[in-house]
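Thank you all for making time this morning.

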Amino acid sequence: MSEERAPRLHVPEPELRPGDDPDFSHVEIPRAGAVRRPDPGENPEEMRDLAFSIIRVLNRNGEAVGPWAGSLSDQEMLEGLRHMMTLRAYDARMMTAQRQGKTSFYMQHLGEEAISCSFQKALRKGDMNFPTYRQAGLLIASGYPLVKMMCQVYSNEGDPVRGRQLPVFYSSREHGFFSISGNLATQFVQAVGWAMAAAIKGEHKLSAAWIGDGSTAESDFHGALVFASTYKPPVILNIVNNQWAISTFQGIARGGAGTFAARGHGFGLPALRVDGNDYLAVHAAAQWAVERARRDLGPTLIEYVTYRAAGHSTSDDPAAYRPKEEGNAWPLGDPILRLKTHLIGKGLWSEERHVQAEAEVMDMVIAAQKEAEAIGTLHSGKRPSPRDMFEDVYAEMPPHLVRQRHEVGY
Amino acid sequence: MPRCRRIWCVNVTKWDTDMARMTMIEAIRDAHAVAMERDPDVVVMGEDVGYFGGVFRCTAGLQKTFGVERCFDTPISELGIVGTAVGMAAYGLKPCVEIQFADYMYPAYDQIVSEAARLRYRSAGEFTCPMVVRMPTGGGIFGAQTHSQSPEALFTHVAGLKTVVPSNPQDAKGLLLAAIADPDPVIFLEPKRLYNGPFDGHFDRPSKSWSKHELGEVNPGYYEVPLGKAKVLREGAAVTLITYGTMVHVALAAVEESGVDVEVIDLRTLLPLDLETLVASVNKTGRCIILHEATMTSGYGAEITSLIQAECFYALEAPLLRVAGWDTPYPHAQEWDYFPGPARVKRAIATVMEA
């Protein structure tokens with residue numbers, strides 16, 4: 001019998017804090033093309049290894065290699081590059097707009113553009129995303145107007161949600177983008193319900209649930225996996241592991257588990273782990289999961305390994321809890337640069353064309369911004385009427401709300 | 001002693017002459033069956049509601065009749081039940097889900113308050129949540145702390161929810177059908193003490209059944225009792241007594257025993273509230289008692305009290321009185337010391353008449 005010892009609380013700590021030199025040598029990055037691609041119909045039990053590796057297509061030289069390569073045409077890749085560049089330019093302009101006091105709040109996607117922009121290309125009309133606040137690429141890639149997005153951020157008269165929601169909490173049924181909520185993880189289980197409804201109705205639609213690494217600790221994450229595992233509806237359960245939940249590193253949420261993807265195994269779900277900064281790998285994995293859903297083979301869990309290169313939001317300064325240069329040291333690189341390099345290597349793109357495209361995209365975003373600001377911003381111009389405050393609480397306004405509306409003078 | 005004049009005015013399209021005798025359980029089950037028959041989008045799910053037919057038998061036979069895709073068992077996860085229902089409702093189905101006891105709704109509270117209640121508002125009507133969450137509520141059954149709670153105030157405080165509490169089989173069926181048809185999320189609280197018969201708080205007397213009660217007569221077809229409409233169960237001139245759920249029967253018994261001409265109003269829907277009916281009554285009687293099983297502090301009675309004093313201030317002859325559960329967790333051994341029975345209601349009537 002070994003000697004007893006008083007228990008000690010184990011609190012995981014990130015290896016590096018402000019002032020330390022960024023070091024990701026402990027992050028195991030498999031070579032591009034090294035991970036096998038099983039048939040989507042394969043028994044989940046037979047592919048447990050996929051939750052402990054990283055599916056990658058683009059190698060160091062920007063070549064697309066291995067069994068997950070080739071899911072996109074040249075045209076689609078060029079489009080994808082433009083979507084990511086648009087999202088980055090949009091983020092930059094909205095960050096500035098917030099700093100200028102034109103809106104109260106913003107959250108950017110820096111370093112995570114590939115995930116939402118690429119995933120959307122694997123879906124079709126009628127499918128529904130249940131996003132978090134960091135998947136605006138889904139909207140951009142589905143052709144949602146930038147002006148409308150900005151109007152939402154400005155809460156002006158053009159805001160589709162009538163100034164009722166915090167900036168970046170978009171909603172578009174038509175574009176398969178479920179209304180965003182501030183309450184973390186709630187949408188994860190709702191997505192499972194949406195897919196259950198499609199199964200009950202026997203309609204060829206699927207849903208995609210989205211969650212961050214930190215929010216996997218919420219009960220709804222567990223609830224979603226239980227229900228997905230029980231009813232096997234056509235849902236894709238996406239975890240975006242950007243290493244950070246505000247100031248909390250992912251080890252706090254993950255604990256001692258090997259990976260977030262591995263959480264799927266306890267529920268009998270096939271789980272993939274993907275290079276989230278590789279536009280081609282994200283698409284290939286999404287397509288694989290979509291095929292499973294379309295063939296009624298059940299849910300898929302996907303963990304996207306990425307890095308939140310910027311602050312959590314406009315209210316956050318990451319320099320307070322992590323090394324300043326960590327984002328640049330991230331071994332999976334920059335999703336835009338990686339796709340750009342690939343396209344140049346294929347002779348479809350050039351450095352000159354890229355500089356030109358950056359200017360074109362920025363011009364387009366600035367033009368949209370002018371249009372949105374011509375309508376109004378949070379503190380000037382045309383804003384939703386106070387009357388709007390009382391609408392849509394219920395389908396029909398009950399007497400007590402009518403009384404309150406009258407009190408406001410509308 | 002004034003003659004009791006009861007009014008049975010049920011707002012229905014056409015009251016069938018071919019009435020059936022039903023308990024509240026049978027009426028709720030029948031409402032499900034009628035709704036599911038009428039609308040293929042109505043789906044029923046919850047813990048033990050499928051094959052087994054519910055721990056209170058409210059969904060018995062539904063799975064057999066409509067198939068497993070329309071009525072099915074769920075894992076024991078209240079947030080999962082309500083969360084998936086929000087997704088289904090947004091898709092276009094009409095989920096009518098069950099939480100086994102209202103006491104167990106707390107894990108689903110985030111989904112109810114943050115999601116179901118606000119979906120229409122936050123998406124400006126793009127996504128809606130036409131769902132019903134049924135939960136057995138209330139005490140009087142030796143259910144102790146976690147089988148007796150009345151959490152209605154936790155729902156009436158939430159913008160975007162409708163909250164309904166039926167007190168008899170006839171209303172239960174009509175209100176549930178109206179709730180299922182309603183485009184907004186409805187919390188449907190079923191007083192479990194009334195499932196098999198009316199209960200007036202006289203726990204030492206033989207229990208009654210719905211078969212001898214006028215309100216146990218239920219139309220077997222489709223009808224709605226509109227949400228947001230209270231019902232005057234007994235007309236009176238001296239005091240207005242406002243209540244709902246099990247306490248309706250306690251109130252009626254106490255009034256008969258008191259000999260005072262009390263007007264008894266069954267709210268039926270707590271939100272939206274039928275303020276007009278309440279104000280008209282209190283303006284006539286000048287006195288008002290609010291009665292509920294739920295704890296007193298910040299209970300729904302406080303809201304009614306506040307509204308009535310604002311609307312009827314100059315008609316009031318006495319302070320407004322509340323009779324409610326004590327501000328303690330619901331106990332086991334002290335069931336009948338806790339449960340607001342006819343004796344406490346009679347004391348309140350006497351007090352308000354002395355003022």
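Let me start with a definition, namely that the domain bounds I quote come from an automatic or database domain assignment. For chain A that assignment gives domain 1, residues 44-378, and domain 2, residues 386-410, and the centres of domain 1 and domain 2 of chain A, taken over C-alpha atoms, are separated by 36 Å.

Before going further, please keep in mind that this is a predicted model, in which local features need pLDDT of at least 70 and side-chain atom pairs count only at pLDDT 80 or more, while totals for chains, interfaces and linings use all residues. Residues are numbered from 1 along each chain as its sequence is written, chains are lettered from A and ligands numbered from 1 in the order in which they are written, and side-chain values use heavy atoms, with hydrogens and water left out.

What does the UniProt record say about chain A? An unreviewed entry carries the annotation "domain: Dehydrogenase E1 component" for residues 83-377 of chain A; UniProt positions are given in the numbering used here, feature names are shortened, and annotations may be inferred rather than shown by experiment. Helices (H or I, at least four residues) and strands (E, at least two) are DSSP runs, numbered from the N terminus.

Now to the sheet in chain A, where five strands form an open sheet in the order 1-2-3-7-6 with parallel pairing; two strands pair if DSSP finds at least two bridges between them. Strand 1 (128-130) and strand 6 of chain A stand at the edges with a single partner strand each, so one side of each is left without a neighbour in the sheet. Neighbouring strands of this sheet are turned by 20 degrees against each other on average, direction ignored. Helix 5 of chain A, residues 186-201, packs on the sheet and touches strand 1, strand 2 (207-212) and strand 3 of chain A, and its direction makes about 170 degrees with that of strand 2 of chain A. Axes here are lines fitted to C-alpha atoms, for helices over the stretch in contact, and angles run from 0 to 180 degrees between N-to-C directions. Within the sheet, strand 3 (residues 235-241) and strand 7 (residues 300-305) of chain A pair in the parallel sense over six bridges, and Asn241(A) has Val305(A) in strand 7 as its bridge partner.

Which residues of helix 10 of chain A are buried? In this helix, residues 335-345, they are Pro335(A), Ile336(A), Arg338(A), Leu339(A), Lys340(A), His342(A) and Leu343(A), where buried means under 20% relative accessible area, exposed over 50% and partly exposed in between, with a 1.4 Å probe and protein chains only. An α-helix has 3.6 residues a turn, so residues three or four places apart point the same way. The buried residues of helix 10 of chain A pack against several elements of that chain, including helix 1 (74-99), helix 8 (279-294) and helix 11 (351-375), contact being heavy atoms within 4.5 Å. At the start of helix 10 of chain A, a side-chain oxygen of Asp334(A) reaches to within 2.8 Å of the backbone nitrogen of Ile336(A), and the helix is followed by Gly347(A), whose phi is positive, near 80 degrees.

Turning to chain B, seven strands form an open sheet in the order 3-2-4-5-7-6-12, and here the pairing is mixed. Its edge strands are strand 3 (71-73) and strand 12 (269-271) of chain B, each of which pairs on one side only. Strand 4 of chain B is mostly covered, with four of its five residues buried. Strand 2 of chain B pairs with strand 4 of chain B in the parallel sense over five bridges, and Val44(B) stands opposite Cys96(B) in strand 4. Three bridges join strand 4 of chain B to strand 5 of chain B, again running parallel, with Cys96(B) opposite Val132(B).

I will finish with the backbone. A cis peptide bond, with omega about 0 degrees, joins Leu271(B) and Pro272(B), and Pro272(B) is placed in the loop between strand 12 and helix 9 (275-285) of chain B. Ile246(A) has a positive phi of about 50 degrees although it is not a glycine, and Ile246(A) is partly exposed, with a relative accessible area of 42%.

Technical notes
A polar contact is a pair of N or O atoms within 3.5 Å; within protein, one must be able to donate a hydrogen and the other to accept it, and residues adjacent in sequence count only if both atoms are side-chain atoms.
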